[in-house]
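Trainee: I have a two-part request. Please show me the model, then let me question you about it.

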Amino acid sequence: MRILIKDGRLVDPANKINQVLDILTEDNKIFRIGRRIDAKTDITIDAGGKVVMPGIVDMHIHLREPGREDKETIFSGTKSALKGGVTSVLAMPNTSPCIDTPEGVRILKGLIAKSAQANVFISAAISKNRLGKVLTDAVKLKKEGVVALTDDGSSVSDPQTLLRAFKKAKEQKTLIICHSEDHALSNNGSINLGLMSTRLGLKGIPRESEYKIVQRDIELAEKAKARVHIAHVSCKESVNIISRAKRRGVAVTAETAPHYFALTEEELSGYDTNLKMKPPLRTKEDMEAIRKGLKEGTIDVIASDHAPHTENEKDIEFDRAEFGVIGLETELAVSITELLHPGLLDWPELVEKLCFNPAKILGLNKGTLSVGRDADIVIVSPDKEWVVQKEEIVSKSRNSPFLNRKLKGAALYTICGGKIVYEAA
Amino acid sequence: MNWTRKDLLGLEELTKEEIEFIISTAESFKEVQTREIKKVPALRGKTVVNLFYEPSTRTRVSFEVAAKRLSADVINIATETSSVKKGETLIDTGLNIQALKADVIVVRHNYSGAAVMLAKHLDISIVNAGDGWHEHPTQALLDILTLKEKLGRVSGLNVSIVGDIAHSRVARSNIWGLTKLGANVTVCAPAMLVPPAIEKLGVRVAKNIDDALRQADAVNVLRMQFERDDENAFPKQLDYFKNFGITKERLLKAKKNIVVMHPGPLNRGIEMSSDVADGPNSVILEQVTNGIAVRMAVLFLVAQARDNSDQEKL
């Protein structure tokens with residue numbers, strides 16, 4: 001099986017390519033890249049005026065399977081990914097049961113083999129049941145193919161426990177991803193503490209609950225000489241702390257999610273629970289800092305933190321609604337709309353954040369268009385305008401913060417493992 | 001002016017003109033209460049449902065009296081007797097009430113935003129009778145009506161709000177209403193009960209109670225909810241009275257005719273001393289009377305706006 005994509009603008013920062021070239025796949029690999037490739041093919045796609053980039057590697061998503069198949073399944077979540085141009089995902093371990101044993105990983109691998117429509121990589125918990133008490137077996141988990149450890153959804157509160165986790169991770173060359181939050185400081189708040197929490201009469205989450213733990217987590221990793229990746233950065237202070245740590249040579253990387261560079265707390269005036277997530281939407285100043293952090297390279301990765309919840313869990317009083325929003329189907333479009341078109345990032349920079357950097361951080365052979373690599377490719381229309389509509393969402397859940405918003409940019413074709421797995425209508 | 005809102009959810013979203021219109025409508029309904037027969041047929045054939053998720057006597061009774069004086073039929077639903085305990089969602093409860101062909105739901109809820117949510121999902125009128133810490137618009141409207149009666153105007157008045165600002169829907173609605181009408185609003189509270197960025201709502205934060213009272217034409221004293229269990233930083237009752245309680249001595253340093261208001265229920269000896277509560281400056285009972293007129297006005301206006309929009313659809 002051969003697919004030839006002609007005349008598209010190939011963007012592959014790993015190989016410093018940003019020009020109009022043809023690309024040919026054979027079976028599941030990228031076979032050739034060049035000018036005017038003339039070859040016998042099964043499918044030829046005219047990508048004139050389009051961007052051809054590696055499939056997106058989203059290193060922060062919740063597939064909910066096993067345990068909460070009413071919210072999302074491996075099948076529906078990966079289908080949703082493909083629509084958004086995402087061909088590889090890192091599944092968070094806060095399922096039910098929590099992925100914290102080699103047996104759990106084996107069972108999950110079985111489920112993935114059975115129903116995944118995209119590449120699903122596995123993360124396991126740092127601590128048993130993500131309770132922050134007893135560490136999981138990093139050695140055995142690594143042997144089962146786990147690519148990162150994270151208690152995402154909770155912080156490891158006890159610094160001693162986290163320090164030991166970093167030391168073990170360092171020995172195993174495993175990445176630890178930190179959900180950095182002081183749960184006591186968050187104080188059951190539901191939105192950012194500030195003007196909006198005052199106006200709406202909602203309990204606020206202070207920014208300190210994020211950045212103080214970002215600071216602590218980086219310091220502990222530094223002490224253990226381990227790598228650390230900070231998940232879902234939302235506030236200015238966190239960006240500054242990460243920037244300083246990078247400058248002094250700490251092996252820290254960081255991600256943010258599209259809602260943090262596209263939305264602010266001001267959107268919350270109608271108590272829309274689809275704008276409720278953790279960390280919460282912050283202020284305009286924070287949004288600007290996140291954008292600057294992306295531009296300057298302090299923030300390495302854009303990841304969706306795709307967190308599906310049923311309407312039953314969202315269509316209730318704001319304080320009672322679940323935290324989290326879906327994002328797989330909109331992250332590419334929101335990034336193009338908010339970062340590329342305004343000129344903040346160019347195509348190679350955007351592809352770095354969405355594809356190359358996350359693959360590099362996780363040690364995956366993904367995120368580039370190198371000959372011989374897996375044929376995970378997205379053909380993108382940078383100018384296609386569309387409105388995020390509830391009825392058109394592929395994910396099992398509908399809790400998108402971008403509902404009814406007009407976005408510019410969309411995946412036209414998603415190719416995963418050399419097969420066309422998504423084609424825009 | 002032409003009133004077009006089918007709901008009253010808060011004062012933040014209202015214009016100055018809309019607030020003034022409710023007040024002037026309330027003034028005309030107030031006259032009704034001086035008649036021998038205190039009832040008008042304005043809402044005859046309409047059904048008003050009081051849906052209360054929090055214990056409340058005074059607001060519920062006030063709405064009930066207001067609806068009855070407009071000749072509406074009134075149904076009271078309290079959480080203890082409803083299917084809420086069986087796990088029904090607020091929206092489902094609202095849809096069921098709508099299916100009964102009720103015309104107005106007056107909702108009191110412990111979660112901020114509950115009234116906004118109901119209004120988004122229902123076609124019938126929603127009146128917010130207090131949602132969490134968010135808004136309690138009819139309370140602020142009756143406070144404004146009382147101020148206007150006592151002092152002849154609202155614009156230019158110095159009004160201080162004293163007490164637990166952070167957790168008070170009465171404070172928020174008063175801040176929106178008073179600032180829109182041109183009053184100078186000062187808030188005064190123990191430091192941990194001043195919510196962040198409150199100055200951005202256009203109010204001044206007083207240094208202490210004497211500072212709050214010095215220039216005030218009126219002081220609105222909030223109820224302290226010492227029964228709150230989720231805030232361990234709450235001040236002790238006696239400390240509160242010592243530092244923030246409204247006493248005769250403190251009023252001696254204030255303007256002579258300062259108007260003292262309280263939304264009730266009053267904690268005597270904690271928020272204010274009895275001699276102040278019962279004294280010449282207190283308008284607490286007049287507030288209660290004005291509450292009826294204001295709620296009559298609100299029920300009348302929202303029901304009428306819905307009738308008008310229904311007619312337009314035909």
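Trainee: How many residues of chain B are in contact with chain A?

Mentor: This is a predicted model: local features need pLDDT of at least 70, side-chain atom pairs count only at pLDDT 80 or more, and totals for chains, interfaces and linings use all residues. Residues are numbered from 1 along each chain as its sequence is written, and chains are lettered from A and ligands numbered from 1 in the order in which they are written. Contact here means C-beta atoms, placed from the backbone, within 7 Å. On the chain A side there are 16 residues, and on the chain B side the number is 19.

Trainee: Which helix of chain B gives the largest share of the side that touches chain A?

Mentor: Helices are DSSP runs of H or I with at least four residues, strands are E runs of at least two, and both are numbered from the N terminus. α3 (90-99), α4 (114-121) and α6 (169-180) of chain B each supply at least two residues of that side. The largest share is three residues, and it comes from α4(B).

Trainee: What distance separates the centres of the two domains of chain B?

Mentor: Domain bounds come from an automatic or database domain assignment. For chain B it gives domain 1 (16-135 + 291-309) and domain 2 (137-287). Taken over C-alpha atoms, their centres are separated by 26 Å.

Trainee: How many residues of domain 2 of chain B are in contact with domain 1 of chain B?

Mentor: Domain 1 of chain B puts 19 residues into this contact. Its touching side draws at least two residues from each of α1 (16-32), β4 (125-131) and α11 (284-313) of chain B. By class, that side has nine nonpolar, five polar and five charged residues. Domain 2 of chain B answers with 18.

Trainee: Now chain A. Why are α7(A) and α8(A) called roughly parallel?

Mentor: Axes are lines fitted to C-alpha atoms, for helices over the stretch in contact, and angles run from 0 to 180 degrees between N-to-C directions. Angles under 35 degrees count as roughly parallel, over 145 as roughly antiparallel, 65 to 115 as roughly perpendicular and the rest as oblique. α7 (residues 208-224) and α8 (residues 236-247) of chain A have axes 8 Å apart, at an angle of about 15°. That angle makes the pair roughly parallel.

Trainee: Which residues of α8(A) meet α7(A)?

Mentor: From α7(A) come A:Glu210, A:Tyr211, A:Val214, A:Gln215 and A:Ile218. The contact as a whole has six nonpolar, two polar and two charged residues. The partners in α8(A) are A:Glu237, A:Ser238, A:Ile241, A:Ile242 and A:Ala245.

Trainee: Where does A:Pro66 lie?

Mentor: The peptide bond from A:Glu65 to A:Pro66 is cis, with omega near 5°. A:Pro66 sits in the loop between β6 (56-61) and α1 (74-83) of chain A.

Trainee: Is A:Lys225 buried or exposed?

Mentor: A:Lys225 is not a glycine, yet has a positive phi of about 55°. Its place is the loop between α7 and β13 (228-230) of chain A. A residue is buried with 20 or more other C-beta atoms within 10 Å of its own, exposed with 12 or fewer, and partly exposed in between, with C-beta atoms placed from the backbone. A:Lys225 has 11, so the residue is exposed.

Technical notes
Two residues are in contact if their C-beta atoms, placed from the backbone, lie within 7 Å. Ala, Val, Leu, Ile, Met, Phe, Trp, Tyr, Cys and Pro count as nonpolar, Asp, Glu, Lys and Arg as charged, and the others, Gly among them, as polar.
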